[in-house]
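Please look over the sequence and the model before reading on.

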Amino acid sequence: MSETPTPAPDDQTAAAAGPPPETPIDPLAELQQQLQAAQAKADENRDLYLRTAAELENVRKRAERDTAAARKYGVERLAADLLGVRDSLELGLAAAADENAEIKAVVEGLELTLKLLTDVLERY
C-alpha cells in the first residue's frame with residue numbers, strides 16, 4: 001500500500017490559520033487622508049456659505065431698489081392725479097371771483113383748500 005504523505009505539523013498550522021494577515025495601514029497616512037477629506041469638505045462648505053451670503057446681499061439690495069422705486073413712482077402717480085383736482089379748484093375760484101358777497105365765504109374756503117393741496121403737492 002502506498003502511504004500518503006502526512007503534512008508536517010508546521011504545514012498544518014499554516015493551512016488552518018488561513019492567508020497571512022494584511023499589513024496594517026500606517027496610522028499617520030490614515031490621519032492625513034482624513035484631514036484632507038475634512039479640509040475638502042470645509043472648503044466646499046465655505047464656498048457654499050460665500051455664495052449664499054452674496055446671493056442674500058443681492059436680494060437685499062434688489063428689495064431696497066424695488067421699494068424705493070415703488071415709493072417714488074407711487075407718489076408721482078398720486079401727484080399727477082391730484083394735479084387735476086388742483087386745476088379744477090383754480091378754475092372754480094376764477095369763475096367765482098366775479099360773483100357777489102354771498103359767494104365770498106365759499107371762495108375763501110376754496111382758496112384755503114387749494115393752498116392745502118398745493119402745499120401737499122410741493123412736499124411730495
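The points below go from the whole protein to one helix and then to the core.

The model is predicted. It contains 3 helices and 0 strands, and along the sequence these follow the pattern α-α-α.

**Whole protein**
- The protein has 124 residues, and 6% of them count as buried.

**Helix H3**
- Helix H3 covers residues 104–123, which is 20 residues.
- From its first C-alpha to its last, H3 reaches 29 Å, close to the 28 Å expected at 1.5 Å a residue.
- Val107, Leu114, Leu117, Thr118 and Leu121 are the buried residues of H3.
- Viewed down the axis of H3, these buried residues lie within an arc of 100°, so they line one face of the helix.
- An α-helix has 3.6 residues a turn, so residues three or four places apart point the same way.
- Ala105, Leu112, Leu116 and Arg123 are exposed on the other side of H3.
- Helix H2 (27–96) is among what covers the buried residues of H3.

**Nonpolar core**
- The largest nonpolar core is made of 7 residues: Leu89, Leu93, Ala96, Val107, Leu114, Leu117 and Leu121.
- H2 and H3 each supply at least two residues of this core, and H3 gives the most, with 4 residues.
- Leaving aside residues up to four places away in sequence, Ala96 touches Ile103 and Val107.

Terms used: Residues are numbered from 1 along each chain as its sequence is written. This is a predicted model: local features need pLDDT of at least 70, side-chain atom pairs count only at pLDDT 80 or more; totals for chains, interfaces and linings use all residues. Side-chain values use heavy atoms; hydrogens and water are left out. The expected span of a helix is 1.5 Å times one less than its number of residues. Buried means under 20% relative accessible area, exposed over 50%, partly exposed in between (1.4 Å probe, protein chains only). The arc is that of the directions from the helix axis to the C-beta atoms. Contact means heavy atoms within 4.5 Å. A nonpolar core is a set of buried Ala, Val, Leu, Ile, Met, Phe, Trp, Tyr and Cys residues joined through side-chain atoms within 4.5 Å.
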